[in-house]
Amino acid sequence: MRMAELVMGLVMGIFSIYLMWKSAELPIGWIAGEGPGGGAWPFWLAAGMLCSCVAIIFRWAKHVTPESQSDSPFMDRRSLKLFLLNAVAITVFIGLFHIVGAYGAIPIFLIFYLRFMGGHSWGLTSAFALSTPVITFLFFEIALQKTLPKGFTEPLFLPIFDFFY
Amino acid sequence: METLTLLIDGFAIAFEPLNLVLVIVGCALGLFIGAMPGLGSVNGVAILLPMTFLVPPTGAVIFLAAIYYGAMYGGAISSIMLGIPGASTAVATTFDGRPLALKGLADKALVAAATASFVGGTISVILFTLFAPPLAEVALTFGAPEIFALMLMAFATFVGLGGDDIPKTLFSICIGLVFGAVGLDIISGEPRLIFGGLPGFFHGINFLVLAIGIYGIAEMLWTIEVSQGEVMISQASVSFKRILANLRELKLTLKTMVMGSFLGYFVGILPAAGATPGALMAYGLAKTISKDRESFGKGNVDGVVAPEAANNAASTGAMLPMLTLGIPGSPTTAILLGGMVIWGLEPGPLLFVEHKEFVWGLIASLYAANLFSLLINIAFIPAFIWVLRLPFTILAPIIFILCIVGGFVPTMDMHDVWLMLIFGVVGYLMRKLNYPMAPAVLAIVLGPLAEPALRQSLLISGGSFSIFFTRPFASVISVLALILLLLPVAKLLYEKYLK
């Protein structure tokens, strides 16, 4: 936990410097008749972030925060496995939106999560994997008229839209 | 008298068939969302906000306010039944609610929580009705310096009263404000902070992307790690006879409920304080004034009613500065404020003049939401318990799907969905290191309002910050904000040298 506190402080400090540099692409000083330049607000806020990171690292060095005093691991093996499994599953799920669209990605995600992560029966998995995209489609596309990504499955939906409209 | 007339008009709007349906559906959804571990009112409002674009703005806000109210009721359900707070606002309810459930008195705890929520909600809505219009009149005199001073005070409250690590709180505020500045500069129109030249950044970072990332994805990852699949469910039997008996016993706790309601309401009004500190303070006060302090933490009903009355009262209190000053008192009201801006309802003093029917319709709907939340809560306690028995491996993917779809719908841009995932993962890692996330969400909402107020103020004063200390209201608010900012330093010095 102690090392993680330091790493997070350093990474966020570097990110703050990047934000300051990026903000300075616009004027950060006073412009006559216009007031502060467009980059001033984010620049000084990023400077505030950097100062906070310096304070966080200083307090880490002084062992002030509970995290900087803790010898326990940031994540134990089981937590890391759970985190990675979920994070990767959501990443793949979002990635699939681009390829097979929302209505292809949702059943795949549910099958993976319910059957392989949750160990549920095929019957229950199928019920959720089939009903969730149908409910989502009816709610978003038909009731709210909000179009979700469909990837290469787009042409398959044309007859359905013809039916409803 | 005028207030009464306006309130009656408000009831006419709140009881329009569509609005009434929205109140009932909102309360039921809110109860369910609030009861789910890992989700609270802020998650419910954030996830369901995109779904309100089908109804008129008044109905949309009424719907979200009902979800907010329902979720405040529902948070207690998983605190009592699972020992996992449905939201941070229900943390204090766990202290005595869970021991009551383990003693086989879950129904008593659930009825006490629902009744206290009703009392807290009702007292706070009455206070809201009485104090909202005069505060709005004062707020009408506010210009850019006063508005910026108020924003400063909102952030200073987090620093002074938030109770979190100060440098981490400041970092969270600053990063939220920087993210709020992404997009086109409001004055020059030039692109600003366009990372990697990605076109998705030109329209700025929608506050929902950050809110769902933090309160949806990050919170779920956190719950999955904390529960590790070992969530214990309590048995509860609920019958009409037992509910009546429990209600009769609650007379003894009325004093605690009223105390919690007043305390919660006034803590809720403070920008950034919100329902969580309100509930914790009420619990602490109830324990301090109790004659039976030893039983707190072991299943004392006062320990359930005090935080529950306070968190509901605070949720109404937080709406007061949001509607009258445009300053949200909690992350949920920050999201409500964002929603109102989307619907063309600019929160602030003019709202009470230009959109009277909206304001009073909303206030009246709070009375209705309070009543319906109580009825739905008590009637559906067995059903909620059944849903909570669903394995987390079924609930989690459904919540993830809601987050992803909810993040896509506002802008219809996959860029925002990826951004939401990044916020979720980074937010989870930061939360593990005790970085408070609520200030970042508040900041991304307030940032686009604070920046023009600051720039206009400085333009008026020719670049001098003295403008914040020379106008009556601005100077009082600025001094208060500075006191709050310096409070941690004063505490530190007191503890080091005087204690």
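Let's start with one pair: B:Asp165 and A:Arg59 meet through their side chains in a salt bridge, 3.0 Å from N to O. This is a predicted model. That pair sits at the interface of chain B and chain A, where the rule finds 3 salt bridges.

Another pair is A:Glu5 with B:Lys168, a salt bridge at 2.9 Å, N to O. A:Glu5 lies in helix H1 of chain A and B:Lys168 in helix H8 of chain B, so this pair joins two chains. Both A:Glu5 and B:Lys168 are buried.

Now the interface as a whole. On chain B, 62 residues are in contact with 66 residues of chain A. Together the two chains bury about 5,800 Å², with 80% of that on carbon and sulfur atoms. There are also 10 residue pairs in polar contact across the interface. Which elements of chain B give two or more residues to the side that touches chain A? Among them are helices H8, H9, H18, H19 and H20. By class, that side has 47 nonpolar, 6 polar and 9 charged residues.

Next, inside chain B. B:Glu146 forms a salt bridge with B:Arg471, at 2.9 Å between the closest N and O atoms. B:Glu146 is in helix H7 and B:Arg471 in the loop between H21 and H22, so the pair ties together parts 325 residues apart in sequence. Buried or partly exposed? B:Glu146 counts as buried, at 5% relative accessibility. B:Arg471 is partly exposed, at 29%.

One network to look up: salt bridges link B:Asp185, B:Arg192, B:Glu451 and B:Arg455. Within it, B:Arg192 and B:Asp185 are 3.6 Å apart at their closest N and O atoms, and both are buried.

Terms used
Residues numbered from 1 in each chain as written. Chains lettered and ligands numbered in written order. Predicted model: local features only at pLDDT ≥ 70, side-chain atom pairs only at ≥ 80, totals over all residues. Heavy atoms only, no water. Contact = heavy atoms within 4.5 Å. Buried area = accessible area lost by both parts, 1.4 Å probe. Salt bridge = Lys/Arg side-chain N within 4 Å of Asp/Glu carboxyl O. Polar contact = N/O pair within 3.5 Å; in protein donor to acceptor, adjacent residues only side chain to side chain. Helix = DSSP H or I, 4+ residues; strand = E, 2+ residues; numbered from the N terminus. Nonpolar A, V, L, I, M, F, W, Y, C, P; charged D, E, K, R; others polar. Buried < 20%, exposed > 50% of the residue type's maximum accessible area, 1.4 Å probe, protein only.
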